[in-house]
Amino acid sequence: MTRLHSPARSCTGATIPGQNRNREINMFFDPSWFLFAIPPLLLGLWAQSRMRSAYGKYSKVKSARNITGAQAARYLLDANGLQHVAVERIAGQLTDHYDPRSKTLRLSQGVYETPSLAAVGVAAHEAGHALQDRDKYAPLMLRSAMVPAVNIGTMLGPILFIIGFLLAGASSMLGTSLAWLGIGLFGLAAVFSIVTLPVEFNASKRAKVVLAGQGILSPEEIQGVDKVLDAAALTYVAAAAQAIGQLLYYVSLMNRRR
Ligand SMILES: [Zn+2]
């Protein structure tokens, strides 16, 4: 999960790319951009502020067992046969993620060393990704497989779309085809952000199950974890809404050009 500064980031080691660049191109084109972009953008801001406030609140609430995020992660991994998964510290705030390639769980300083409900919740969520990886959880596998194509697509998508869109103005078949190819690549990014949702929701669900099952937190404490993880989940919903909004905007531009 959970990067405060950008809902476009995900905690399974990959960026949901292209959003900043797309925003610049969007502004360049048409006032209807606001219709497609502003509602998801507002949702994103609201989600981030909820995330900040939930994290801020529960990072001050100590866990009864006085266990840090790093200790919780290590304990949960070991208890689930994942002794080979390393737990490392990483710089930044809420930069926490699980890297499926190197089988490493990286926790931000605050999560790593703080014995708070928020820290334990975030660490357990990341351990949830490691469990998904162990179980070959289908949405995680699909998401990882999509990363290279999505990275290339979000690099080429805007370029193809702009060239195609400008050429299509001169009613060129080639331009129209290029523009739709660009839109297809945006579509790939949108699908990617949608596939991210079950991955994130499921990691949080696993986190709560293992925290309760291993007796690391009490049921009352898990309610605090719930608040933090639910707020984090909302940032992913907002990111998906932004990607879908962008896609619809480009489709609407093309449709009006016909
Ligand atoms: Zn996550």
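Two strands pair if DSSP finds at least two bridges between them. The legends below apply this to a predicted model.

**Figure 1. Overview of the predicted chain, with eight helices and three strands.** Along the sequence, the elements follow the pattern α-α-α-β-β-β-α-α-α-α-α. Of the 258 residues in the chain, 48% count as buried. Among contacts with a separation of 6 or more, 75% are between residues 24 or more positions apart.

**Figure 2. Pairing of strand S2 with strand S3.** S2 covers residues 97–99 and is joined to S3 by three bridges. The two strands run antiparallel. Within this pair, Tyr-98 has Leu-105 of S3 as its bridge partner. The hairpin of S2 and S3 has four residues between the strands. In this hairpin, Lys-103 takes a positive phi near 50°.

**Figure 3. Strand S3 and its pairing with strand S1.** S1, residues 86–90, is joined to S3 by five bridges, and these two strands run parallel. Glu-88 stands opposite Arg-106 in S3. S3 itself spans residues 104–108. Four of its five residues are buried, so S3 is largely enclosed by the rest of the structure. In a regular strand the side chains alternate between the two faces of the sheet.

Figure 4. Is Ala-64 buried or partly exposed? A residue needs 20 or more other C-beta atoms within 10 Å to be buried, and 12 or fewer make it exposed. Ala-64 has 13 C-beta neighbours inside 10 Å, so Ala-64 counts as partly exposed. Leaving aside residues up to four places away in sequence, Ala-64 touches Ser-218 and Glu-221. Ser-218 is 154 residues away from Ala-64 along the chain, yet their C-alpha atoms are separated by 8.1 Å.

**Figure 5. Packing of helix H7 against helix H8.** Two packed helices are described by the angle between their axes and the distance between the axes. For H7 (residues 173–213) and H8 (residues 219–257), the angle is about 170° and the axes are 9 Å apart. Angles over 145 degrees count as roughly antiparallel, and H7 and H8 are therefore roughly antiparallel to each other. The residues of the contact of H7 with H8 comprise 27 nonpolar, five polar and three charged.

Technical notes: Residues are numbered from 1 along each chain as its sequence is written. This is a predicted model: local features need pLDDT of at least 70, side-chain atom pairs count only at pLDDT 80 or more; totals for chains, interfaces and linings use all residues. Two residues are in contact if their C-beta atoms, placed from the backbone, lie within 7 Å. Axes are lines fitted to C-alpha atoms, for helices over the stretch in contact, and angles run from 0 to 180 degrees between N-to-C directions. Angles under 35 degrees count as roughly parallel, over 145 as roughly antiparallel, 65 to 115 as roughly perpendicular and the rest as oblique. Ala, Val, Leu, Ile, Met, Phe, Trp, Tyr, Cys and Pro count as nonpolar, Asp, Glu, Lys and Arg as charged, and the others, Gly among them, as polar.
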